[in-house]
Amino acid sequence: MIIFDTLSGEKKPLLIPESGKLKLFVCGPTVYDLAHIGNGRTYAAFDSIIRYLRSQKIKVFYLQNITDIDDKIINRAKEEKKYPETIANFYTKAYKQDMKELRVDSVNKYAKATSYIRQIVKQIQALIDKGVAYKIESEGYYFDISKFPDYGKLSHRTLEQAEDSVSRIDDAINKRNKGDFCLWKFEKQGEPSWKTPLGSGRPGWHIEDTAITEYFFGPQYDIHGGGIDLKFPHHEAEIAQQESASGKKPMVKLWMHAGHLLVNGAKMAKSAGNFITIRDFLKTHSPTLFRYLVVSHHYRSPLDYSDKLAEQTKNSISNLRQFIGKLRLVRKKESGKLDIAALLKKSEAVFHAAMADDFNTPEALAALFGVVNAVNPEIWSLSQKEAEMVADWLLARLQTLGVELKFPHIPFKIRGLVKQRMLLRNNQQFVPADVLRKEVEELGYIVDDTPVGPLILKK
Ligand code: AMP
């Protein structure tokens, strides 16, 4: 299996550690508001990747942090006249609920930053002891990027380019270098703070991740991921912190970054106001549609979201559902014209080859549609056993990608109306039969007449 590593800019083999368990960390959300479908894209993409790894019997410990202390949370709390902790708790719960709705369930451990203050302080102290962190009176502790010559290696920037960018809570005036970033911010009135040997204050944004990963995984581990916007400065800062604190390189074997979800070519973001919350999205679309949308794009590619794309995705899912629905109607005993076992074996190899090449989910989906296209013209020649084999194979592969194709129960009333319609049609009474078809449609179902009887599907 090969995976694209942002740091080297190359696809690298996935090496399974001696322990047999991959240690993987993905940056979690800052909990100051509801998550949007851009955030959802990153988390669903990683969820599909991890599901696939686990389906290949690779053990993965998936760790994710929750940034529950940050300027954005404090500002929101001020706006709403609430405690920052109340805001953070509320949106942590909301985030976990949203992930549940999206069937993102592969995370083994969510680690809240504020539960690891001791580890954060310990790592900052190590950086001070090594002479790479310094204090600015009344401000806090900062990382001196000039002491880490590798700064910029992930985002492929020179130190000067890297200097030009400052991130959240890093804009102190007395910094040694413009690009130095905050590790510990001293207490300000009305802000949450922790009494520690460093002084009373709170952590900077980047330090929580490395303190948490060092605590759970040690200074070196397998994979670190997140959205592509985190590559710089966040992940660059993490490398500087971890590699300076431990003196061990590399911090991780692979850096994985998911592409952005865009709207009209622009990144979906809270600040841009062009966002759709996961909750709003799920009011009109299913979690299946969302996951299909995600896996029909390569995780590193941008995903330009539009209503039209959602509609196209819905159609692709309907086609699959209709095909599997038809397979379930097959009752023949004798084998058909196709060598189904050989077709599935070949397609299985194509599916895995696509996934083993940097999780190419669109190609993996194409392998599924290869089967649909090969079987469709011959579907009514299949035996029941062959039809079941095809349906089971498709459903299992979709499940591996996190796409749950559900076949809701058809209510008794609908089945009755369809049966009545069939009787009318058999008696050449097409006009009243059509009236019943319309009635069924108005009740939210569609009828597809097949050579072996009607297929009823939910719209
Ligand atoms: P944040 O809460 O801003 O730290 O973001 C949480 C995660 O969502 C990070 O991994 C971001 O990289 C990711 N993210 C934010 N916006 C988008 C977007 N438009 N498309 C994909 N991922 C995003």
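A: Two strands are taken to pair if DSSP finds at least two bridges between them. The model discussed here is a predicted one.

Strand β15, residues 445–450, meets this condition with strand β16, residues 453–458: six bridges join the two, in the antiparallel sense. Within this pairing, Asp448 has Leu455 in β16 as its bridge partner. Two residues lie between β15 and β16, and the two strands form a hairpin.

A hairpin is also formed by β1 and β2, here with four residues between the strands. In that turn, Gly9 has a positive phi of about 70°. Strand β1 covers residues 2–5 and strand β2 residues 10–13; they run antiparallel and are joined by four bridges. Opposite Ile3 stands Lys12 in β2. The two faces of β1 can be told apart by their cover: Ile3 and Asp5 make up the covered face, whereas Ile2 and Phe4 make up the uncovered one.

Tyr141 is placed opposite Trp184 in β8.

The loop between α5 (159–163) and β8 holds Lys175. Is Lys175 buried or exposed? Lys175 has a relative accessible area of 14% and therefore counts as buried, the cut-off being under 20%. The C-alpha atom of Lys175 is 7.6 Å from that of Tyr142, although 33 residues along the chain separate the two.

Helix packing is the next topic. Two packed helices are described by the angle between their axes and the distance between the axes. For helix α4 (residues 117–129) and helix α6 (residues 207–217), the axes come within 9 Å and cross at roughly 100°. The two helices are therefore roughly perpendicular. On the α4 side the contact consists of Gln119, Ile120, Gln123, Ile124 and Leu127; on the α6 side it consists of Ile207, Glu208, Thr210, Ala211, Glu214 and Tyr215. By class, the contact of α4 with α6 comprises six nonpolar, three polar and two charged residues.

Helix α9 packs against helix α10 (residues 307–327) at an angle of about 105°, with the axes 9 Å apart. It follows that α9 is roughly perpendicular to α10. In this contact, Thr288, Leu289, Tyr292 and Leu293 of α9 meet Leu309, Ala310, Thr313, Lys314, Ser316, Ile317 and Leu320 of α10. The residues of the contact of α9 with α10 fall into seven nonpolar, three polar and one charged. An α-helix has 3.6 residues a turn, so residues three or four places apart point the same way.

One further residue, in helix α3 (residues 84–101), is Asp98. Asp98 has a relative accessibility of 2% and so counts as buried. Leaving aside residues up to four places away in sequence, Asp98 touches Ala35, Ile278 and Arg279.

For the whole chain, there are 15 helices and 16 strands. The C-alpha trace spans about 90 × 50 × 35 Å along its principal axes. The chain has 459 residues, 52% of which count as buried. Its accessible surface comes to about 21,100 Å², with 52% belonging to carbon and sulfur atoms. Among contacts with a separation of 6 or more, 76% link residues 24 or more positions apart.

Conventions: Residues are numbered from 1 along each chain as its sequence is written. This is a predicted model: local features need pLDDT of at least 70, side-chain atom pairs count only at pLDDT 80 or more; totals for chains, interfaces and linings use all residues. Side-chain values use heavy atoms; hydrogens and water are left out. Buried means under 20% relative accessible area, exposed over 50%, partly exposed in between (1.4 Å probe, protein chains only). Contact means heavy atoms within 4.5 Å. Axes are lines fitted to C-alpha atoms, for helices over the stretch in contact, and angles run from 0 to 180 degrees between N-to-C directions. Angles under 35 degrees count as roughly parallel, over 145 as roughly antiparallel, 65 to 115 as roughly perpendicular and the rest as oblique. Ala, Val, Leu, Ile, Met, Phe, Trp, Tyr, Cys and Pro count as nonpolar, Asp, Glu, Lys and Arg as charged, and the others, Gly among them, as polar. Accessible areas come from the Shrake-Rupley method with a 1.4 Å probe; for residues, only the protein chains shown count as cover.
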